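Welcome to my notebook. I opened a structure today and wrote down what I looked up, entry by entry.

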Amino acid sequence: MRDHDHVGAQVSGLLADRAPGFAAYLAGRGYAKSSVDHHLYLIADLSAWLAGQGLDAGDLAGPTADRFWDDLHARGSYLVKGTSLKPLLDYLRGIGVLPEQVGGPASVADALLHEYERYLRAERGAGEVTAGHYLRHAHEFLDVAGWPQDGPEFGAGLAALDGAQVLDIVSRQVARHRLPSVGAALTGDRAFLRFLEHSRRTARPLSAAVPRAARQPSRLPVQVDPAVAAAIVASCDRSTEGGCRDRAVLLLLHRYGLRPVEVTRLNLADLRWRAGEFVVHGKGGRVDVLPLVRDAGEAIVEYLQARRPAPPGVTAVFLSARAPVQPMLKSSVGALVGRACARAGVPRIGPRAFRHAVGHDLLKEGASLVEIRDVLRHRDIETTSAYTRADVSSLRPLARPWPGSGPRG
């Protein structure tokens, strides 16, 4: 008998016939047997509660779930801690017991922001993270503008926008931000205003009315000593699934300077074993093919052999180390680097430090800025030029003496 065939709690009532399938659903998403049993105890309690309230499973689509939790809190049940109804509700939706969560935009403003998101993705090629940032700034712009978010007044407010109003809105908006994030807010506002012009919601082009942020001196790239990088990679426990995963991720950061989002976008189909290469899905829809170096490739193989089965339809290489099993999040990449630094006993760095180290090493080896730009997949060579300031000593042999500055005869 498989583990998920065993039901730890005796579920009776309305949800009794759902318990075995729910147990299999949880096991298929990486939940440990103890966690599966805990969730089954929860639905046993829920099933009895529904019967006592004269309700059925379909009522869970409304506020019934909140009432159940309130009752658990009132009874001081231990089930309240560390357990959620979300896996059960997702399962019930998946088998058609509950309707899918649907709902149109709550207001005209929401409808506009939904359209803006589609525009960013389809026409501007923005990734999920970039689109999220732009949407946040657009929402903030509309909030500061102060128009009603619904009804004809909203459209009238957009149509009446002029340069003076834009400048006033932007000035009040950036007052909410700390200095380092002002530039991002202004860039987001310009993008949103270009969309309003593109969709003919404004009578005139207004993006030029958004001022430019004062340029701040960019920080020099952080350097990572090779011995420190080796210690960070070596800190991973290769006897565990999580340790194998972390080591493979760290080697990709160390060897290629991948961005966290490029790590999380890596799919099984991107690993071209026979050709000895892999595909990188970068910012702005950019796709690159890179050679797969031996130690990174072997680390990925080791992880895939130790990895638990992925849920149906999940093709990501790197998965979460805890249930529910799902593709690894971008934020998890920074977290695993921080944990590895702590294990290695070295000062904490972030994933970007590995990226800077790759560029710094290429510069020391005599690579041109164009070559470094291509390896790191920078869109603008001005970004790459930061490495020249980071390692002035590497450029000194290229400098020619100033006429007349030689030794006097």
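**Entry 1**

I began with Arg-172, which is partly exposed because its relative accessibility is 39%. My cut-offs are these: buried means under 20% relative accessible area, exposed means over 50%, and partly exposed is in between, with a 1.4 Å probe and protein chains only. Before going further I noted that this is a predicted model, in which local features need pLDDT of at least 70, side-chain atom pairs count only at pLDDT 80 or more, and totals for chains, interfaces and linings use all residues. Residues are numbered from 1 along each chain as its sequence is written, and side-chain values use heavy atoms, with hydrogens and water left out.

Which residue forms a salt bridge with Arg-172? I found Asp-168, with the closest N and O atoms 3.0 Å apart. The term salt bridge here means a side-chain nitrogen of Lys or Arg within 4 Å of a carboxyl oxygen of Asp or Glu. Side chains of opposite charge can pair when their charged atoms come close. Asp-168 and Arg-172 are 4 residues apart in helix α8 (residues 163-174), so about one helical turn separates them. Asp-168 is also partly exposed, at 40% relative accessibility.

**Entry 2: other salt bridges**

How many salt bridges does the rule give? I wrote down 13.

One of them joins the side chains of Arg-93 and Asp-90, at 3.5 Å from N to O. Both residues lie in helix α4 (residues 86-94), 3 residues apart, which is about one turn of the helix. Is Arg-93 buried or exposed? Arg-93 is buried, because its relative accessible area is 14%. Asp-90 counts as partly exposed at 26% relative accessibility.

I then looked up Arg-294, which forms a salt bridge with Glu-298, the closest N and O atoms lying 3.1 Å apart. The two residues are 4 apart in helix α13 (residues 294-306), so they too are separated by about one helical turn. Arg-294 is exposed, with a relative accessible area of 67%, and Glu-298 is partly exposed at 44%. I also noted a network in which salt bridges that share partners join Arg-238, Arg-247 and Glu-302.

**Entry 3: two helices, end to end**

Next I checked helix spans, where the expected value is 1.5 Å times one less than the number of residues. Helix α2 (residues 33-53) has 21 residues and should span 30 Å; its end C-alpha atoms are 30 Å apart, so the two values agree. Buried residues of α2 include Val-36, His-39, Leu-40, Ile-43 and Trp-49.

The C-alpha atoms of Asp-45 and Leu-15 are 10.0 Å apart, although 30 residues separate the two along the chain. Just after α2, Gly-54 takes a positive phi of about 70°.

Helix α11 (residues 241-256) has 16 residues and reaches 23 Å from its first C-alpha to its last, close to the expected 22 Å. Why is α11 described as largely enclosed by the rest of the structure? Because 13 of its 16 residues are buried. Gly-257 follows α11, and its phi is positive, near 65°.

**Entry 4: two loop residues**

Most residues other than glycine have a negative phi. Arg-200 is not a glycine, yet I found a positive phi of about 60° there. Where is Arg-200 found? Arg-200 is in the loop between α9 (179-198) and α10 (226-234). Arg-200 is exposed, with a relative accessible area of 75%.

Gly-282 lies in the loop between β2 (277-281) and β3 (287-291). With a relative accessible area of 6%, Gly-282 is buried. From Gly-282 to Val-263 I noted 9.4 Å, C-alpha to C-alpha, and 19 residues along the sequence.
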